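Subject: Structure handover

Hello,

Here is the structure we spoke about, with the sequence alongside. My notes on what turned up follow below.

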Amino acid sequence: MSKLGTFTRRTFLIGSAAIAGGIAFGTYKYLTPADNPLLDGLKEGEAALTPFVKIDANGVTLITPRADKGQGVYSLQAMLLAEELDVDPYQVTLSPGKPSLAYYNGAVMDEAMPGFGDVIGKLLGFQITGGSSTVPDLYQRLRMAGAVARETLKMAASVVYNVPLEALTTENGFVILPDERAISYQELAPSAANIAPQNEVTLRPASQWRYLGKPHQRLDTLAKSTGTQNYGIDMQADNMVYASVRANPGLGAPVKSFNASSAKKMRGVKRVMPITNGVAVVADNTWRAFKAVNAIEIEWQPAPYPANSAQMWQVLENHIQPEFENIQRLDNGRVEQVLAGGTPTELVSAEYRTPYLAHAPLEPMNATVLITDTRIDIWTGTQIPRFIENHVAQLTGYAKANIHLHVLPMGGSFGRRLEDTYVLQAVEIAMAMKGTPVKMTWSREEDMSHDYPRPMTLARAKGRVSNGQVVAMDMQLVSASLMASWFGRIDNALPGPDATITTGADDQPYGIEHYRVTGYKAPEMVPISSWRSVGASQNGFYHESFLDELIVQAGADPMAERIRLCNDPVADQVLATLAELANWQGSMPSKNRGRGVAMTRSFGVACAYVVDVTNTPAGIRIDKVYIVADVGLVLDPVNVEAQLFGAAIWGLGHAINCELTYDNYAPQQTNYHQYQGMRLNQVPEFHIKVLENNQSIKGIGEPGVPPAAPALANAIFAATGKRIRELPMNKTVSFI
């Protein structure tokens, strides 16, 4: 391979990346090109034309480095590459690739630090899946990668067959010569590997797209429909043993003592060993490991946070004070003066609460690890592959070059696999059993008890109405910082205030004349993390519920007043379309029936709901849900609708039923019978419409969640007169 070829391929990715801002101390590092990981160990006849495309005698492999948690991003990444490379995405091999800086996420931090996402993502080596960032981050990068590979293959054909480059075309994995001979990409790969990539490329216009913008079947549909998809929990290896653990349910606290005499006598048990903050059992199958680890008598040390939920709520109440202010990005008009005036009937105040919430994905956390004297192999599903590499290297002393992480599909996550405790536990066990592959699986109870949940939060709000309109709104939000908690676990400090404490409230498309949102930071209690839609998941409930209270107090129509207040043309069109889709005629269609509306802009997407309910003698029935969202450009209309369906059922189910409460430092809900999502018989009729007016392309995995809870709460108020200010809603009303 020529030196020129090697250099230019290594520089391709970063050379084409946007340079946003620039931090003085990090500019050099930010501009330093990332290596192409596919070049490591490349064999004769193989070509790695960009970090995302590898071609050998067996065919084309597309690298899809963002994790697939069921949201379909392996398929979408493949479509972006295939569209420009000109291959059939159903005829190629997909691989998540190996962890690499080349696959850093330049968009995931945009929500918390607008304008600095690419810089932060590169400098911190964030190869992360989350924050609905896959599409905005990779929409341009993957198409560029596909186009560069395509044009490089054409150049190789031009040289080999001595024909003008301009006379060549491509079609389904072949370069077509002027005499209509078709030369496969595999045949051209050895020649392409020895010429410089053609970085000056023109992307195909949308009018010529064959895959993007059209409905298509996901590439993993057959495997998932036939039960042949291999998730992490399906991993098998010769001579494998099976492990499970019990760690202190008070997160971060150690073991005081344990007695494993009974467990050691149980059938199939091979080893019992202490691990960090807990005890592990190795057995000849997972079920026996579960049974044995639960037979161990363990005395725990107390955790370093309040012991129960009542004490935790008190911590939040104590920190919604000026000296604990974290961030205030919105302060318009004369809020103090306006709230001090007016008549008592023009003023509204309220307090809201949302609880800790578990992620509770269907597949419990698991990892399979094989350690030898020279290397470590790890098979698991993860959203943070590079951080796992770093932590395993710290734990074991092995060089990162000798740690091989094999990323597998996940049975759900919702942010759960932004953590790696389960992987490190599996590595601890495997270190004691060198040469033997160890599959460590958490029980459902261990999984929910050791989740890093969505934080519990509290909001206080005041507002004023005048002459039938909302004129002032002041929200105070308090929470521990989930970003500080998570950054600490990945060995970094949060660079600035935590914007997620107020996102979904201080960035809404409303032009209320006197308008303020302030966030307060409480100390960390239970270690916390990102949950689907992050800060907007609770702040959307607060903002849209209290806005509804003000609108009702003003005597205005909830839809019409939101449209009057809206100051963003994209969001305004979302509301107008929603009103038409739902045939909005008011919030009370008839006796015992109510309609609620809510809109939250999160991750750059305005998403609005109308929820219809009936107040029956047996409880609230959710009849219909209407959803409108604007993602800027729809790459797969079927998948966008699927994401909104899922978000609605997820958001409504958690709003109705779910919470984690704590006693003696541990969550009291440890399995699905205590933490129920929406039942099949509760699922309403859906009507969904997706718009494309947004100037930027956006992801849709998360924005569909935040409006669900407030729209339902507002509908219940319209039907019953009961204002719901605390989740879950089954504390206030019953559901059928």
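Predicted model: local features only at pLDDT ≥ 70, side-chain atom pairs only at ≥ 80, totals over all residues.

Start with valine 119, which sits in helix 4 (residues 117-123). Its relative accessibility is 1%, so valine 119 counts as buried.

**Cavities**

How many cavities of 30 Å³ or more does a search of the whole structure find? There are five. The largest cavity has a volume of about 110 Å³. Its lining is made of 13 residues. Nearest its centre are Arg454, Trp531, Ser537, Gly651 and Ala709. Two elements give two or more residues each to this lining: helix 19 (637-657) and helix 20 (708-720). Helix 19 supplies the largest share, three residues. By class, the lining of the largest cavity holds nine nonpolar residues, three polar and one charged.

The second largest cavity holds about 80 Å³ of space. It is lined by 13 residues, and Pro65, Gln127, Thr382, Pro385 and Val407 are the closest to its centre. Its lining comprises seven nonpolar, five polar and one charged residues. Which domains each give at least three residues to this lining? They are domain 1 (47-200) and domain 2 (232-301 + 365-441).

**The annotated stretch, 226-304**

The UniProt record, an unreviewed entry, annotates residues 226-304 as "domain: Aldehyde oxidase/xanthine dehydrogenase a/b hammerhead". In the model, 16% of this stretch is helix and 37% is strand. Its end C-alpha atoms lie 46 Å apart.

Look at strand 11 (residues 278-283) next. Why is it described as largely enclosed by the rest of the structure? Because six of its six residues are buried. Both faces are covered. Gly278, Ala280 and Val282 are on one side, with Val279, Val281 and Ala283 on the other.

Strand 11 has these pairings:

- Strand 8 (residues 241-247) pairs with strand 11 in the antiparallel sense, over six bridges. Here serine 244 has valine 281 as its bridge partner.
- Strand 10 (residues 269-275) also pairs with strand 11 in the antiparallel sense, over six bridges. Here arginine 271 has valine 282 as its bridge partner.

Strands 10 and 11 form a hairpin with two residues between the strands. In that hairpin, asparagine 277 takes a positive phi near 65°.

**Strand 18**

Strands 8 and 18 run parallel and are joined by three bridges. Tyrosine 242 stands opposite lysine 439 of strand 18. On its other pairing, strand 18 meets strand 15 (residues 366-371) in the antiparallel sense, over four bridges. Asparagine 366 has threonine 441 as its bridge partner there.

Do the side chains of strand 18 end up buried or exposed? Val438 and Met440 point one way, Lys439 and Thr441 point the other way, and all are buried. Note that Lys439 is in that buried set.

**Backbone points to check by eye**

- Leucine 727 and proline 728 are joined by a cis peptide bond, with omega about 0°. Proline 728 is in the segment after helix 20. Helix 20 also contributes to the lining of the largest cavity.
- Phenylalanine 414 has a positive phi, near 60°, and is not a glycine. It lies in the loop between strand 17 (403-407) and helix 13 (421-431). Its relative accessibility is 28%, so phenylalanine 414 counts as partly exposed.
- Serine 533 has a positive phi too, near 80°, again in a residue other than glycine. Its loop runs between strand 21 (514-522) and helix 16 (536-554). At 1% relative accessibility, serine 533 counts as buried.

**In brief**

Strand 11 is buried on both faces. Strand 18 pairs with strand 15 in the antiparallel sense and runs parallel to strand 8.

Best wishes

Conventions. Residues numbered from 1 in each chain as written. Heavy atoms only, no water. 1 Å grid on protein atoms, 1.4 Å probe; cavity = no way out; pocket = protein on both sides within 12 Å on 5 of 7 lines; lining within 4 Å. Points joined across faces, edges and corners; volume = space filled by probe spheres on them. Nonpolar A, V, L, I, M, F, W, Y, C, P; charged D, E, K, R; others polar. Domains from an automatic or database assignment. UniProt positions renumbered as here; feature names shortened; annotations may be inferred. Buried < 20%, exposed > 50% of the residue type's maximum accessible area, 1.4 Å probe, protein only. Pairing = 2+ DSSP bridges.
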